[in-house]
Amino acid sequence: MDLVYTAEQEAFRKEARTWLEANVPSRPLKSFDTKEGFEEHREWEKQLQAGGFAMVPWPVEYGGRGANLLEWLVFEEEYFRAKAPARVNQNGIFLLGPTIMEYGTPEQKARFLPKMASSEEVWAQGWSEPNAGSDMANIQATAIRDGDHFVINGQKTWASRGAYAHWLFGMFRTDPDSERHRGLSFILCPLDAPGITVRPIEKLNHKAAFAEVFFDDARVSVDHLLGEEGKGWNVSMSTAGFERGLMLRSPARFQDTAAKLVALYKENEGSCDPGLKRRVVDCWMRAEAYTLDTYRTVSRLLEGGKIGAEASLNKIFWSELDVEMHEVALEILGWRAELLPQASEAQGVGEWLDGYIFALAGPIYAGTNEIQRNIIAERILGLPRK
Amino acid sequence: MRFTFDEDQLLFQTTLRDFLSNECTPEVIRKAWDEGRSHTPALWAQLAELGVPGLLVPEAHDGMGMSEIDSVLLFEEAGRAALPEPVIATAAVAAPLLVELGDEALAGEWLPRIGGGDAIVGVGHEVSPLVVDADVSHLLLLQRGDEVHAVAPDSAEIVAQPANDPSRRLFKVNFDAGDATRVAAGDAGRSLWAAALDRGALAAAAQLVGATDKLITLAAEYAEQRQQFGKPIGSFQAVKHMLANCKVKLEYARPVVHRAAHSVARSVSDRSLHVSMAKVAAADAAQFASRQALQVHGALGYTWEQDLHIWMRRAWSLEQAWGRNDFHRSRVEERVLEASARLGPGRTFRGE
Ligand SMILES: Cc1cc2nc3c(=O)[nH]c(=O)nc-3n(C[C@H](O)[C@H](O)[C@H](O)COP(=O)(O)OP(=O)(O)OC[C@H]3O[C@@H](n4cnc5c(N)ncnc54)[C@H](O)[C@@H]3O)c2cc1C
């Protein structure tokens with residue numbers, strides 16, 4: 001154990017910091033859940049790519065920097081420190097990208113990864129269906145082979161970024177007689193293909209963030225099958241591992257929120273409930289614990305370890321921490337807590353309400369926390385399924 | 001940057017785990033309780049053969065010459081086994097304190113005896129002023145303000161203070177502080193006691209992690225085996241989720257404790273902050289797991305017969321040891337709310 005950055009890691013931090021300080025837009029971009037904001041974010045991604053920072057841990061040939069995961073953590077820390085824009089293509093770069101690296105053919109890697117790294121192509125993920133939420137094995141959308149194409153029918157829903165994304169990855173039943181986990185395949189679909197209709201859905205924050213996607217005899221080339229036909233479940237589990245386990249929620253995000261929460265408390269110490277002090281400091285400690293655990297996990301991965309069911313511990317921890325931090329912030333804000341950013345009395349505090357509404361989704365997406373608890377109990381603690 | 005343990009460290013941990021699961025069984029612990037003691041000389045001698053009391057004793061004094069990074073996993077094992085021996089005071093606190101005192105005669109006399117398993121040293125710090133196992137100690141290191149006093153047990157009055165955990169035998173020690181007993185004072189004494197507190201709290205936190213792990217294992221095993229409504233109670237989701245919650249708390253306490261071990265071993269400037277974070281996280285996890293483990297066991301868990309409470313009591317008493325959570329929480333609060341505190345991404349391993 002040696003919890004000191006190497007000289008190279010420090011040098012990389014400095015390089016990232018210098019670049020970010022010079023390049024991060026001084027004014028926040030519009031929300032990427034609006035068309036205009038979506039395009040602004042893509043522009044930013046292009047700039048990030050040109051600077052060589054879009055995909056720090058990816059191999060150079062796919063548009064990355066060839067750095068290791070520790071450097072990625074350092075980059076994330078600098079990224080949040082610099083208040084850089086949210087990553088519009090997170091479904092692609094953090095979830096699908098690593099899955100393509102593991103399961104993709106050389107042609108698929110060359111075809112998809114560089115354009116993903118630059119956000120020329122932004123991705124949505126399509127697991128959920130009206131009748132397949134927590135019970136993902138109940139997926140009913142079908143993709144039936146017809147020569148060198150799949151003919152897709154059915155519906156996906158809650159696809160984040162779906163309103164403006166260019167591609168969707170998801171699971172479809174390629175064997176119509178199959179049940180549950182069998183007979184599913186992982187397929188990459190261009191959202192502009194004939195037969196595909198995207199209908200945006202407004203989220204709790206009144207913005208069109210996710211979408212329903214309807215497939216009506218849509219034809220997708222068999223070249224876009226990821227992994228083996230009928231083995232989509234295994235492929236998707238690897239994506240889910242990344243989502244819960246590591247990439248989607250790097251600790252810097254929560255450390256940033258925790259530091260802001262401490263600052264908010266200090267500003268309002270005289271006027272808020274003194275009992276909140278303990279909750280504020282507990283939040284800060286939990287954000288640190290999350291960071292420490294992530295460094296531990298990354299160190300383990302670099303030594304050849306794998307992320308397994310313990311990703312579920314992670315998902316519960318960060319999502320509940322995020323809700324708690326925002327709840328405490330709203331308590332500190334008192335009567336101002338309900339104001340939207342544009343209210344003149346809000347004085348910038350409206351961001352906390354926005355963040356709170358965002359945080360509330362954490363225990364639901366990426367597998368609800370109840371499902372994660374089932375996984376921990378059954379797969380880590382060995383309790384009986386039935 | 002590398003947040004993992006070496007093979008050797010992990011091997012030592014499994015060796016100690018195997019040893020304790022054979023030698024420090026609930027029967028052994030209960031026998032000691034029944035005889036009104038917690039320390040078992042034969043067990044201590046075997047631990048000395050493994051190197052446990054002398055983990056932090058320098059090689060020059062016939063010890064293992066290890067650091068807290070090595071010992072933290074071993075303290076976890078002591079907690080997993082609910083080992084009732086005075087390992088925290090003697091091995092984790094007294095040995096390095098005797099090294100740091102810089103008194104060659106004292107170090108030369110006591111360190112080899114600690115490592116050899118021939119001396120138990122009791123420590124009394126003002127944060128938890130009662131002394132564990134003072135009646136079986138060969139030397140007492142006691143705090144008076146900033147001063148460190150080395151006191152021969154037979155020159156002091158030792159008054160038993162019966163407490164909740166029979167494995168934690170507490171004593172009030174009255175002694176005459178004077179030139180003859182004083183071995184450090186002033187700034188030197190203050191910093192010695194500060195380090196002693198951090199080492200004691202770290203070792204207690206590590207034991208709490210081990211004890212929590214054991215509580216979860218006991219409850220999970222019981223939940224698999226106990227049947228109601230025609231199936232194992234572990235198949236009920238309410239039971240699953242209780243234990244899953246325990247596991248989340250445990251796994252997010254563990255790295256905090258491991259980092260604190262690194263901070264103590266390397267004397268980083270935020271050492272005390274890191275130790276307090278570790279103690280809070282570990283004690284919270286342990287308290288929570290004891291409650292849930294008891295609930296999962298039902299009435300059976302509420303009996304003296306059932307072994308569960310050996311670990312529940314450890315969890316309670318280790319929370320008391322070396323600063324309760326209110327003490328450690330305040331230390332964290334003070335640091336975090338300080339005007340000069342630098343928080344946020346990128347600061348975890350570097351104060352900047
Ligand atoms: C902001 C947001 C973004 C999302 N983005 C995407 C996306 O990009 N792509 C995508 O495919 N999906 C996405 N989702 C959907 C998400 O994955 C699902 O909402 C989630 O899997 C739960 O499914 P459901 O909503 O149908 O709830 P249900 O499965 O109907 O669950 C409802 C409640 O019942 C509980 N429950 C269900 N089964 C069990 C069980 N076995 N044990 C205990 N409790 C149970 C759940 O925990 C939950 O509390 C997103 C959701 C949100 C909120």
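This is a predicted model: local features need pLDDT of at least 70, side-chain atom pairs count only at pLDDT 80 or more; totals for chains, interfaces and linings use all residues.
How many bridges join strand 1 of chain B to strand 3 of chain B? Residues are numbered from 1 along each chain as its sequence is written, and chains are lettered from A and ligands numbered from 1 in the order in which they are written.

**View 1. The open sheet of chain B.** Four strands form an open sheet in the order 1-3-4-7, with mixed pairing. Strand 1 (121–124) and strand 7 (182–184) of chain B are the edge strands, each pairing on one side only. From one strand to the next, the twist averages 25°. Strands are DSSP runs of E with at least two residues, helices are runs of H or I with at least four, and both are numbered from the N terminus. Two strands pair if DSSP finds at least two bridges between them.

**View 2. Strands 1 and 3 of chain B.** Strand 1 and strand 3 (residues 139–144) of chain B run parallel and are joined by four bridges. B:Val123 stands opposite B:Leu141 in strand 3 of chain B.

**View 3. Helices across the sheet.** Helix 5 (residues 87–101) of chain B lies across strand 1, strand 3, strand 4 (147–151) and strand 7 of chain B, at about 85° to strand 1. Helix 7 (residues 186–225) of chain B lies across strand 1, strand 3, strand 4 and strand 7 as well, at about 75° to strand 4 of chain B. Angles run from 0 to 180 degrees between N-to-C directions, and axes are lines fitted to C-alpha atoms, for helices over the stretch in contact. Contact means heavy atoms within 4.5 Å.

View 4. The axes of helix 8 (residues 276–302) of chain A and helix 9 (residues 271–301) of chain B come within 11 Å and cross at roughly 95°. Helix 8 of chain A is therefore roughly perpendicular to helix 9 of chain B, a term covering angles of 65 to 115 degrees. A:Trp284, A:Met285 and A:Glu288 meet B:Leu273, B:Met277 and B:Val280.

**View 5. The ligand between chains A and B.** The ligand lies between chains A and B. A backbone N or O atom of A:Trp127 lies 2.8 Å from an oxygen atom of the ligand. A nitrogen atom of the ligand is 2.7 Å from a side-chain N or O atom of A:Ser160.

Note on methods
Side-chain values use heavy atoms; hydrogens and water are left out. Angles under 35 degrees count as roughly parallel, over 145 as roughly antiparallel, 65 to 115 as roughly perpendicular and the rest as oblique. A residue is near a molecule or strand if one of its heavy atoms lies within 4 Å of it. A polar contact is a pair of N or O atoms within 3.5 Å; within protein, one must be able to donate a hydrogen and the other to accept it, and residues adjacent in sequence count only if both atoms are side-chain atoms.
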